[in-house]
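Subject: Structure handover

Hi,

Here is the structure I promised to pass on. Please open it beside this email and follow along.

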Amino acid sequence: GDLRGAADVVLCADVIYERRAAPAIALAAEAALRPGGLVVFVSRYGRVGLSEFLESAADRGLILRREEPLLSERLGLGVDPNEAHGMWLFAKPSTDQSSEPPAAHSVQ
C-alpha cells in the first residue's frame with residue numbers, strides 16, 4: 001500500500017552506504033511521516049554521506065530538534081572514538097503550527 005504520510009516515527013540506523021543515497025533516504029523518511037511525525041536518525045560520526053543526509057533532511061523541511069552522541073559501555077557505543085555514533089531527532093512540521101512534537105528522551 002501507499003505509505004506516504006502514514007508513520008508517526010521513522011527510524012534510520014546506519015543506513016547510508018553511499019554518499020549518493022543520502023538524499024533519497026531523506027526523501028523517503030520525510031515522505032513516510034505524517035505532519036508532526038519524527039525521524040530518529042543514528043549514524044557513526046564521519047560516515048560517508050552523513051553531511052549530505054543532514055543537508056537533504058533540512059532541504060526537505062525536516063526540523064532538527066536534537067543531536068547528541070550515543071554512549072553505552074554495554075553496547076560499546078562511544079567507547080572507541082573511531083566508532084563514535086550520534087543520534088539526530090528531526091520533526092516534520094505539523095499542519096497545526098500550535099502543536100509541538102513529543103519531547104525527546106535521553107538514550108541510555
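In what order do the elements of the chain run from the N terminus on? They run β-α-β-α-β-β. That makes 2 helices and 4 strands in the chain. Keep in mind that this is a predicted model.

Some overall figures come next. The chain has 108 residues, and 37% of them count as buried.

**Helix 2**

Find helix 2, residues 50-59. Which of its residues are buried? They are Leu 50, Phe 53, Ser 56 and Ala 57. Look down the helix axis. The buried residues fall within an arc of 125°, so they line one face of helix 2. There is a general rule to remember here. An α-helix has 3.6 residues a turn, so residues three or four places apart point the same way.

Now turn to the face of helix 2 that points away from its buried side. Exposed residues Glu 55 and Asp 59 sit there. What covers the buried residues? The cover includes helix 1 (22-32), strand 2 (33-44) and strand 4 (85-91). After helix 2 comes Gly 61, and its phi is positive, near 90°.

**The aromatic rings**

How many aromatic pairs are there? The count comes to 4. One of them joins Phe 41 and Phe 53. Their ring centres are 3.9 Å apart and their planes meet at 10°, so this pair is stacked. The pair links distant parts of the chain: Phe 41 belongs to strand 2 and Phe 53 to helix 2, 12 residues apart. Are these two residues buried or exposed? Phe 41 has a relative accessible area of 1%, so it is buried. Phe 53 is at 0%, so it counts as buried too.

Phe 53 also pairs with Phe 90. Here the ring centres are 6.1 Å apart and the planes are at 80°, so the pair is edge-to-face. Phe 53 lies in helix 2 and Phe 90 in strand 4, so the pair ties together parts that are 37 residues apart in sequence. Phe 90 is buried, with a relative accessible area of 2%. Step back and you can see a cluster. Ring pairs link Phe 41, Tyr 45, Phe 53, Trp 88 and Phe 90 into it.

One more ring deserves a look, that of Tyr 17. The charged end of Arg 47 sits over that ring, 4.8 Å from its centre.

**The cores**

In soluble globular proteins, nonpolar side chains tend to be buried together. What does this chain show? Its largest nonpolar core has 18 residues. Val 10, Val 39, Phe 41, Phe 53 and Phe 90 have the most contacts inside this core. Two or more residues come from each of strand 1 (7-13), helix 1, strand 2, helix 2 and strand 4. Helix 1 gives the largest share, 5 residues.

Go back to Phe 41 for a moment. What does it touch, leaving aside its neighbours within four places in sequence? Its contacts include Cys 12, Ile 16, Leu 50, Phe 53, Trp 88 and Phe 90.

Start with Ser 72. It is in the loop between strand 3 (63-70) and strand 4. Its relative accessible area is 11%, so Ser 72 is buried. Leaving aside its neighbours within four places in sequence, Ser 72 is in contact with Leu 77 and Val 79.

Next is Glu 18, in the loop between strand 1 and helix 1. Glu 18 is partly exposed, with a relative accessible area of 40%. Its side chain makes a polar contact with the side chain of Arg 20, at 2.6 Å. Glu 18 and Gly 49 are 31 residues apart along the chain, and their C-alpha atoms are separated by 6.3 Å.

Is it buried or exposed? Glu 68 is buried, with a relative accessible area of 15%. Its side chain makes a polar contact with the side chain of Arg 66, at 2.6 Å.

Best wishes

How values were computed:
Residues are numbered from 1 along each chain as its sequence is written. This is a predicted model: local features need pLDDT of at least 70, side-chain atom pairs count only at pLDDT 80 or more; totals for chains, interfaces and linings use all residues. Side-chain values use heavy atoms; hydrogens and water are left out. Buried means under 20% relative accessible area, exposed over 50%, partly exposed in between (1.4 Å probe, protein chains only). The arc is that of the directions from the helix axis to the C-beta atoms. Contact means heavy atoms within 4.5 Å. Rings of Phe, Tyr and Trp (its six-membered ring) pair if their centres lie within 6.5 Å; planes under 30 degrees apart count as stacked, over 60 as edge-to-face and the rest as tilted. A charge sits over a ring if NZ of Lys or CZ of Arg is within 6 Å of the ring centre and within 35 degrees of the ring normal. A nonpolar core is a set of buried Ala, Val, Leu, Ile, Met, Phe, Trp, Tyr and Cys residues joined through side-chain atoms within 4.5 Å. A polar contact is a pair of N or O atoms within 3.5 Å; within protein, one must be able to donate a hydrogen and the other to accept it, and residues adjacent in sequence count only if both atoms are side-chain atoms.
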